[in-house]
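Trainee: I have a new model open on my screen, and I would like to walk through it with you. Could we take it step by step?

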Amino acid sequence: MELGEFVRSRSSEILFAALQHLSLVAQSLILATVIAVLLAALVHRSQTLRGVANAVSAIGLTIPSFALIGLMVAPFGFGVTPAVVVVVFFAALPILRNAIVGLAGVDPALIESARGLGMSRLGIFLRVELPLAWPVILSGVRISAQMVMGVAAVAAYVLGPGLGGFIFQGLSRLGGSGAIESVVTGTVGVILLALILDLLLLGIGRLTTSKGIRG
Amino acid sequence: MADIDPRTETADEQAPGSQTTGSQPADAQTADEQTDRETTGRSIWLDNVTKRYPGQKRPAVNGVTLEIPDGQVVMLVGPSGCGKTTTLKMINRLIEPTEGRIVLGGEDVTSIDGDELRRRIGYVIQAGGLFPHMTVAQNIALVPKMLRWDKARIAARVEELLDLVGLDPDVYRSRYPKELSGGQQQRVGVARALAADPPVLLMDEPFGAVDPITRQRLQDELIRIQHEVHKTMVIVTHDFDEAVKLGDWIVVFREGAQIVQYDTPERILAEPADEFVENFIGSGAALKQLGLRRVREVEAADAVVAKAGANAAEALRRAEAAGHDHVVVVDERGRPIAWPSRRALSRMTRLPAQLDPAMPLVGSGATLNDALDTMLVSSAGATLVTGRSGVFEGVVDVETIMDAISSAREAAAERSDDAPVGTNTGAVAAVPAASDEQRPANPGDAAVGPVSDD
């Protein structure tokens with residue numbers, strides 16, 4: 001069977017899996033961004049906590065995603081939940097790192113200036129620190145997006161959604177008819193999705209970053 | 001009383017009265033001085049304020065009692081690390097005092113909400129501290145927005161403030177800080193601090209980050225703005241010349257925020273309290289006094305004036321008759337264009353109609369320092385003075401300036417100012433004894449005054 005024919009004959013199935021994949025990654029990214037930024041907001045003022053967070057982030061990224069998702073089956077069972085947990089976990093790490101760098105990089109004079117104007121702590125965070133750190137945070141989100149596109153493929157192992165199903169099916173019947181095509185379809189699909197999402201994030205970055213701090 | 005703001009809130013109403021009980025003569029004096037200028041400022045009292053940092057033996061600020069009169073510019077000067085910035089930041093409680101009280105316009109603000117207090121006090125830091133991700137208009141609108149002004153009012157206020165600081169609203173409103181020069185950023189910083197019309201403006205080394213020429217222009221600008229807004233301003237600087245130029249009063253600090261002298265620039269220059277102040281002033285105190293006086297304050301001498309293109313021999317005759325060495329040639333609008341000597345005149349038939357660029361010339365608003373500089377550059381020993389629209393007013397020579405300076409020094413030495421209170425309760429000896437004697441209410445009484453009612 002040829003690749004073209006494989007894709008044509010299963011186009012609706014592939015499209016559905018691709019949308020599921022994208023949806024899993026996008027939603028996990030949003031959740032991961034919120035969690036990572038909140039964590040960074042809590043720790044970025046303390047040198048020690050910053051160190052701890054960076055160490056956790058570095059070590060966390062070395063955990064094999066395949067092992068972690070397997071371990072998640074015990075508490076969360078099969079399906080979407082363990083997939084989301086793992087994808088969010090991996091997505092949060094680079095964002096956390098960048099968010100800390102971004103927030104710590106805000107000029108202390110500006111914070112003092114904001115306090116001097118009578119802005120509240122929360123006001124300073126939302127209206128000064130976050131917008132100024134946003135480009136750095138967003139570049140963390142883009143790194144995360146690339147990385148967890150691949151991680152999300154592993155979700156199929158726990159019967160989660162996405163393009164990983166084609167890869168696992170193909171690998172399990174390697175040598176059989178259409179096995180290679182299945183693996184290639186899954187893999188190329190993931191790569192294409194990653195490119196599309198990156199462009200999307202680039203656009204979001206343009207729209208959400210103030211002209212005053214764009215490079 | 002001239003110093004009551006029409007917008008005074010109920011909480012403040014008892015203030016002037018209760019303060020007067022402590023220092024009646026001083027208040028009467030203030031009222032006299034200020035009948036011709038409506039002040040929108042509020043007085044500030046630092047009452048026995050101390051700041052100790054944990055792990056440090058000596059307090060950064062030790063028992064400072066300081067009166068900042070309303071509508072006046074008070075400069076805090078001293079070497080770096082002397083606690084002047086800490087003192088400033090305790091006024092709006094960016095740094096919380098360990099001990100002592102802060103009284104703003106008669107209201108004890110030591111324990112009210114700090115953010116709420118800071119919205120009532122303008123604050124400007126070095127280089128303006130503008131938020132780079134907001135436009136000029138957004139930066140200025142920050143405090144009004146926090147105070148929930150409506151949109152139209154904010155927009156109108158932004159316009160008004162940009163005009164006030166000399167930036168065209170249509171050009172600069174939607175620019176980002178990175179698109180402005182350092183001086184323009186500083187102007188927007190001042191506009192932002194003035195946005196909600198706070199009675200008090202605090203500035204921490206406001207002009208420290210700009211080049212000398214821009215700094216001079218910004219200083220002039222600030223003087224002009226203060227003439228319009230009459231705020232109470234407290235400005236920290238390490239530049240004594242800046243303090244002399246901007247300040248109505250100067251506080252000289254040494255380590256631990258010890259107040260060495262609190263007086264007018266004229267008096268500090270004429271009579272430094274001790275060697276420390278003398279060293280701090282640096283050399284040329286007399287020259288610095290030249291910067292305090294304007295050309296219009298000294299008497300300009302008359303001169304023989306002739307129209308451009310007129311008969312030179314006739315002008316020469318008039319100069320000889322008046323005993324003058326020079327003739328001022330003016331154009332049809334009375335603006336000087338040349339200043340030939342009798343010798344030069346004797347070689348002419350017609351008076352020159354061409355502008356002589358080498359002619360020494362200053363505006364009547366220039367300082368005596370500028371005038372002297374002009375004289376030295378042109379080596380004429382005198383300079384022409386022009387008034388409004390560049391019309392010729394008179395001639396000022398070196399002798400006039402010398403006389404002005406020596407009379408100013410005498411006047412400064414004799415003047416018995418009732419200087420505002422500034423002491424360190426821990427070390428009263430550091431304060432010139434004179435200010436205690438001259439002031440009927442001693443600092444202790446006066447400091448307790450504002451709160452005696454509550």
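**Walking through the model**

Mentor: Gladly, and let us begin with one residue: Gln138(B) is buried, because 21 other C-beta atoms lie within 10 Å. Keep in mind throughout that this is a predicted model.

Trainee: How far apart in space are Gln138(B) and Tyr176(B), C-alpha to C-alpha?

Mentor: Along the sequence, 38 residues separate Gln138(B) and Tyr176(B). In space, their C-alpha atoms are apart by 9.4 Å.

Trainee: How many helices and strands does chain B have, and what percentage of its residues is buried?

Mentor: The secondary structure of chain B comes to 19 helices and 17 strands. Among contacts between residues at least 6 apart in sequence, 68% join residues at least 24 apart. Of the 454 residues in chain B, the buried part is 47%.

Trainee: Where in chain B is confidence lowest?

Mentor: On average chain B has a pLDDT of 81, and 83% of the residues score at least 70. Confidence is highest in strand β8 (residues 232–237) of chain B, at 95. Residues 1–37 of chain B have a pLDDT below 50, with 53 contacts in the model beyond near neighbours in sequence. The lowest mean, 37, belongs to helix α19 (residues 443–448) of chain B.

Trainee: How many contacts beyond four places in sequence does the model have for residues 427–454 of chain B?

Mentor: Over residues 427–454 of chain B, pLDDT stays under 50. Even so, the contacts for this stretch beyond four places in sequence number 48.

Trainee: Let us turn to chain A. What pattern does chain A follow along the sequence?

Mentor: Chain A has nine helices and zero strands. Its C-alpha atoms fill a box of roughly 70 × 40 × 20 Å along the principal axes, and 40% of its 215 residues count as buried. Read along the sequence, the pattern is α-α-α-α-α-α-α-α-α.

Trainee: Which feature does UniProt place at residues 18–201 of chain A?

Mentor: Over residues 18–201 of chain A, the chain is 82% helix and 0% strand, with the end C-alpha atoms 18 Å apart. The unreviewed UniProt entry names this stretch "domain: ABC transmembrane type-1".

Trainee: Which residues of chain A does UniProt list for "transmembrane region"?

Mentor: Take residues 20–43 of chain A, where the chain is 100% helix and the end C-alpha atoms are 34 Å apart. Over residues 55–78 the chain is 75% helix, with the end C-alpha atoms 30 Å apart. The list in the unreviewed entry is 20–43, 55–78, 84–111 and 179–204.

Trainee: Against which helices do the buried residues of α8(A) pack?

Mentor: Helix α8 (residues 164–172) of chain A has Gly164(A), Gly165(A), Phe166(A), Ile167(A) and Gly170(A) as its buried residues. Their packing partners in chain A are α2 (11–43), α7 and α9 (179–208).

Trainee: Which helix gives the most to the side of chain A that touches chain B?

Mentor: In the model, 17 residues of chain A are in contact with 19 residues of chain B. Both α6 (108–116) and α7 (121–153) of chain A supply at least two residues of that side. By class, it has eight nonpolar, six polar and three charged residues. With six residues, the helix that gives the most is α6(A).

Key:
Residues numbered from 1 in each chain as written. Chains lettered and ligands numbered in written order. Predicted model: local features only at pLDDT ≥ 70, side-chain atom pairs only at ≥ 80, totals over all residues. UniProt positions renumbered as here; feature names shortened; annotations may be inferred. Helix = DSSP H or I, 4+ residues; strand = E, 2+ residues; numbered from the N terminus. Contact = placed C-beta atoms within 7 Å. Nonpolar A, V, L, I, M, F, W, Y, C, P; charged D, E, K, R; others polar. pLDDT = per-residue confidence, 0-100. Buried ≥ 20, exposed ≤ 12 C-beta atoms within 10 Å, placed from the backbone.
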